[in-house]
Amino acid sequence: AAVTVKKAAASAGYSIYEIKRGDTLGRIARHYYGSSQKIQPILEANALTPRSVLQIGQKLKIPKQAEAK
């Protein structure tokens with residue numbers, strides 16, 4: 001099932017990222033987009049706010065369009 005989800009996500013224009021201990025939106029944005037300031041695409045794709053609490057094991061959509069910027 002996980003392979004199917006990844007294929008569907010790739011064709012939908014986003015990656016799936018699973019939250020790990022110590023993750024923050026800024027760290028995830030830096031990993032995918034090169035800047036901890038570029039959290040807005042992640043917030044919008046996941047209906048989050050900058051103050052949202054991330055849970056270990058939570059899965060986030062990471063839009064691919066922003067990765068190229």
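**View 1. The chain has 4 helices and 2 strands.** From the N terminus, the elements run α-β-α-α-β-α. Helices (H or I, at least four residues) and strands (E, at least two) are DSSP runs. This is a predicted model: local features need pLDDT of at least 70, side-chain atom pairs count only at pLDDT 80 or more, and totals for chains, interfaces and linings use all residues. Residues are numbered from 1 along each chain as its sequence is written, and side-chain values use heavy atoms, with hydrogens and water left out.

**View 2. The largest nonpolar core has 14 residues.** Leu 25, Ile 28, Ile 42, Leu 54, Leu 60 and Ile 62 have the most contacts inside this core. Two or more residues each come from α2 (25-33), α3 (40-46) and β2 (59-63). The largest share, 5 residues, belongs to α2. A nonpolar core joins buried Ala, Val, Leu, Ile, Met, Phe, Trp, Tyr and Cys residues through side-chain atoms within 4.5 Å. Buried means under 20% relative accessible area (1.4 Å probe, protein chains only). Of the 69 residues of the chain, 32% are buried.

**View 3. Asp 23 is buried without a salt bridge.** Asp 23 sits in the loop between β1 (14-18) and α2. Lys 20, the nearest side chain of opposite charge, is 5.3 Å away. A salt bridge needs a side-chain nitrogen of Lys or Arg within 4 Å of a carboxyl oxygen of Asp or Glu. The backbone nitrogen of Lys 20 lies 2.7 Å from a polar side-chain atom of Asp 23.

**View 4. Asp 23 has contacts beyond its sequence neighbours.** Leaving aside neighbours within four places in sequence, Asp 23 is in contact (heavy atoms within 4.5 Å) with Tyr 17, Glu 18, Ile 28 and Leu 54.

How values were computed. Buried < 20%, exposed > 50% of the residue type's maximum accessible area, 1.4 Å probe, protein only. Lys, Arg positive; Asp, Glu negative; His and termini not counted. Polar contact = N/O pair within 3.5 Å; in protein donor to acceptor, adjacent residues only side chain to side chain.
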